[in-house]
Amino acid sequence: MKLNEYEVKHNAYLRENGAECTVILKKDGNFPLKGTGQIALYGSGARYTIKGGTGSGEVNSRFYVTVEEGLKNAGFAITSDRWLDGYDKVRAEAKQQFIKDIKAEAKEKHTQAVIICMGRSMAEPEYHLPIDGEGDTAIYVLSRISGEGSDREPVAGEILLSETEKRDILSCNAKYQNFMLVINSGGVVDLTPVKDVKNILILSQLGVETGDILADILLGKSSPSGKLTTTWSAWEEYPSMDEFGDKNETRYKEGIYVGYRYFDSVGKSPLYPFGYGLSYTDFCLEKDSVRLDGKRVTVIANIKNVGKYTGKEVLQVYLSSPEGKLDQPYQALAGFAKTKSLAPGQEQKLSVSFDLSDMASYDEASASYILEAGDYVLRVGNSSSDTTVYGVIRVEEEICCVKTRNVMGRPDFTDYKPAAGERKSSSLSAGEQEGTTVLDLAKDAIDSVCVNFNLTCEIDADVKKLSDDQLIKMNLGAFDPKGGMASMIGNAGFTVAGAAGQTFMEAKEYGIPSMVMADGPAGLRISREYAKDKNGMAHTLGASFPESMMDFLPKIAKLFIKQIGYKVKKTDTIENQYATAIPIGTAIAQSFNIDFAEKCGDIVGFEMELFGVHLWLAPALNIHRSIRCGRNFEYFSEDPVISGEFAAAITRGVQSHPGCGTTIKHYAANNQELNRTQNNSQASERTLREIYLKGFGIAVRKSQPKAVMTSYNLINGIHTSEHEGMINDVLKCEFGYKGIVMTDWVIANYATENGCIHPVAKAPNVIMAGGDLFMPGSKSDYEDVAAAMKEGKVTREQMMMNASRTARMARELVKGK
Ligand code: BGC
């Protein structure tokens with residue numbers, strides 16, 4: 001296989017740096033191995049390694065390296081073929097049964113199997129295969145896949161381990177002198193039954209080089225240096241009030257106590273805390289100094305490699321805010337930094353800075369972000385459960401940092417807060433007080449900002465010339481006026497095969513080009529092979545329907561898809577597009593390395609330029625509210641600072657390429673897949689702002705993404721895409737967003753399931769809320785808008801404003817290339 005030069009370069013970079021995303025949970029010192037030799041390989045991910053999840057985040061890369069291939073490439077002799085071949089059979093049989101079950105479920109629910117199967121993953125089956133590979137070294141690769149459209153279940157073989165997995169992992173641990181359990185999952189697996197095995201590594205899902213990266217790690221050619229961005233705990237330890245899985249209403253009753261904010265506040269020790277991760281080597285962390293310049297806090301620490309191997313360490317700074325009228329979590333991450341590669345004995349001074357005002361809390365009563373009077377404790381360490389007090393910032397009087405207005409509506413409950421006896425105090429102990437630096441925040445250090453809600457939009461001179469018909473089309477994604485299946489099969493682009501959509505194509509005479517959008521976040525999702533016709537239009541070859549869903553289609557539907565598939569003409573040329581599968585979002589964030597994330601964005605930006613894509617529908621930064629969300633692998637973390645910083649870094653990487661922009665998504669509180677287009681996330685204004693919107697604010701301020709995608713769900717009764725408060729007040733006026741706003745892919749006349757009480761978002765409402773693009777667009781959306789225009793519900797004025805923003809962005813991006 002001869003790769004293109006850019007593929008070689010991109011793959012090499014990912015292989016060299018991929019270990020940054022991997023997290024050692026347990027070690028006994030027997031790894032790295034001294035060299036290759038015999039190795040026994042077991043587990044579902046050995047041969048069926050997962051490179052990333054399913055759905056719109058699935059990248060059609062040219063190939064990827066499985067663990068089995070990676071070990072062979074490195075020169076290991078695999079001694080467990082009997083097990084691996086046996087598992088092939090077990091898996092094939094289980095899959096047949098899985099398909100049967102889905103079809104039966106569909107029949108019972110009077111729907112299509114293809115609808116039910118979306119994102120559904122097969123739980124690991126139970127089986128008996130011999131653990132008899134020779135040698136004293138073994139690896140067990142436990143994998144899990146999930147994806148868009150379905151959530152994960154706390155059942156055996158999914159979030160929980162199957163009986164077979166428990167038994168086999170424990171017997172490998174007993175049998176082999178050198179044993180490592182490798183987790184090839186994008187989401188959390190409850191590891192309680194195997195927590196005592198000698199070595200555990202979260203490999204995650206690293207895209208094209210997954211197997212080679214593991215081989216390099218085993219041989220010590222590279223060193224894991226990732227940290228958890230989400231708490232890994234026993235299933236039953238997660239907060240029980242975080243309602244999940246209701247078809248209509250999802251009540252975010254846990255309020256701000258998400259992830260480690262909950263565990264730390266109630267003094268519960270999870271199996272593996274947020275921020276946790278070991279290294280082959282060991283580090284010693286020493287306090288250097290704490291400074292306060294105006295509102296800027298800087299923490300400096302010295303990190304020394306005191307072990308035997310080269311490695312990297314992460315410095316994490318948390319802030320405990322004083323409780324006053326607002327309750328506070330025990331601590332919240334304020335900033336982080338990672339060392340360069342440190343050889344044994346080498347040390348490095350690291351500094352982490354942040355503005356105290358960025359850690360202000362939201363007070364609904366005054367509609368403002370405030371710092372209450374009291375002591376703000378700086379805690380520093382290398383995980384949320386291993387921190388030391390470095391200093392205290394004293395705030396004499398309450399400060400209003402930002403005055404805004406409440407726009408998020410109200411849930412039908414009040415937020416949970418830990419009861420007085422339940423809450424772990426964040427005040428300093430007598431011992432901690434001694435010698436702790438106390439820095440007084442100067443009275444005038446923070447200027448109070450009052451948000452200006454006057455939004456203006458200059459109407460573009462060319463947009464004014466558009467007819468009503470053209471203007472409606474400018475407000476929708478480009479669609480085939482004859483109807484067609486395009487948007488149904490997740491491939492609504494015309495000029496780039498496999499692109500998810502594009503903007504109106506017939507306004508070129510007005511100098512308004514069409515922007516092409518393709519999915520992510522684990523690389524650029526486009527077709528590998530396509531036919532280019534003589535007019536330059538691109539046609540995906542084969543079914544553009546995701547392969548994983550083909551099995552669930554009745555024969556007649558398969559035939560239909562084949563028939564509507566493009567028939568190659570003599571005048572066409574057959575072309576390829578090979579995009580690089582990069583690590584999944586969670587893995588990138590686990591690197592805690594902003595430069596690495598920026599480089600991943602740069603890889604994607606390069607390929608966007610190459611294939612003519614203007615907007616990448618990524619990164620995705622929803623919060624890991626519950627470990628059950630089927631799309632968590634696409635998202636970064638349970639923490640908003642991590643989410644925002646990584647979305648910003650990736651955006652900077654992509655947007656360093658002329659004509660390329662990111663689309664940060666899904667704005668916001670889309671934390672469950674069940675009935676995602678009609679689910680109402682109920683949450684308080686404070687919770688939404690401090691946890692679910694904060695990352696978007698960071699990403700906007702630090703990188704100005706070219707586009708934002710609203711989410712499918714409603715928030716407190718209003719669809720995010722129809723939410724003026726979220727789009728205008730918060731995103732534009734408060735965060736200072738300058739780009740365009742599009743909807744998630746609302747399929748025309750989306751079939752409403754039985755028992756849904758909320759509607760699907762509608763194009764006319766979206767347009768009037770200032771949403772620039774209703775995606776992917778269809779004939780029936782067009783008709784809806786035309787009718788609403790006639791009734792006066794949609795104005796030409798508003799459509800011209802939306803179209804002007806789109807036109808300006810299209811000129812900037814398309815001409816920028
Ligand atoms: C997903 C988005 C994606 C879009 C376009 C939707 O179903 O939720 O994340 O970008 O499809 O494929």
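Q: How close do the axes of helix H16 and helix H18 come, and at what angle do they cross?
A: In this predicted model, the axes of H16 (residues 640–655) and H18 (residues 694–703) come within 7 Å and cross at roughly 35°. The crossing is right-handed.

Q: What makes the contact of H16 with H18?
A: On H16 the contact residues include Pro640, Val641, Ala647 and Ala648, and on H18 they include Ile698, Ala699 and Lys702. The residues of this contact divide into 6 nonpolar, 5 polar and 4 charged.

Q: Why is the pair of tyrosine 6 and phenylalanine 606 called tilted?
A: The ring centres of tyrosine 6 and phenylalanine 606 are 5.9 Å apart, and rings pair if their centres lie within 6.5 Å. The planes stand at 35°. Stacked needs under 30 degrees and edge-to-face over 60, so the pair of tyrosine 6 and phenylalanine 606 is tilted.

Q: What does the pair of tyrosine 6 and phenylalanine 606 tie together?
A: Tyrosine 6 lies in helix H1 (residues 5–17) and phenylalanine 606 in helix H15 (residues 594–611), so the pair ties together parts that are 600 residues apart in sequence.

Q: How do you know whether tyrosine 6 is buried or exposed?
A: Tyrosine 6 has a relative accessible area of 11%. Buried means under 20%, so tyrosine 6 is buried.

Q: Why does phenylalanine 606 count as partly exposed?
A: Its relative accessibility is 33%. Buried means under 20% and exposed over 50%, so phenylalanine 606, in between, is partly exposed.

Q: Why is the pair of tyrosine 252 and tyrosine 692 called edge-to-face?
A: The planes of tyrosine 252 and tyrosine 692 stand at 75°. Over 60 degrees counts as edge-to-face, so the name applies. The centres are 5.0 Å apart, and both tyrosine 252 and tyrosine 692 are buried.

Q: How do you know that strand E20 and strand E21 pair?
A: E20 (residues 501–502) and E21 are joined over 2 bridges in the antiparallel sense. Pairing needs at least two bridges, so E20 and E21 pair. Glutamine 502 stands opposite valine 516 in E21.

Q: What makes E21 and strand E25 a pair?
A: E21 and E25 (residues 615–617) run parallel, with 3 bridges between them. At least two are needed, so E21 and E25 pair. Aspartate 519 stands opposite leucine 617 in E25.

Q: Why do Val516 and Met517 point opposite ways from E21?
A: In a regular strand the side chains alternate between the two faces of the sheet. In E21, Val516 and Ala518 point one way and Met517 and Asp519 the other.

Methods:
Residues numbered from 1 in each chain as written. Predicted model: local features only at pLDDT ≥ 70, side-chain atom pairs only at ≥ 80, totals over all residues. Heavy atoms only, no water. Axes fitted to C-alpha atoms, helices over the stretch in contact; angles between N-to-C directions. Helix = DSSP H or I, 4+ residues; strand = E, 2+ residues; numbered from the N terminus. Left-handed = near helix turned anticlockwise from the far one by under 90°. Contact = heavy atoms within 4.5 Å. Nonpolar A, V, L, I, M, F, W, Y, C, P; charged D, E, K, R; others polar. Buried < 20%, exposed > 50% of the residue type's maximum accessible area, 1.4 Å probe, protein only. Phe/Tyr/Trp six-rings, centres within 6.5 Å; stacked < 30°, edge-to-face > 60°.
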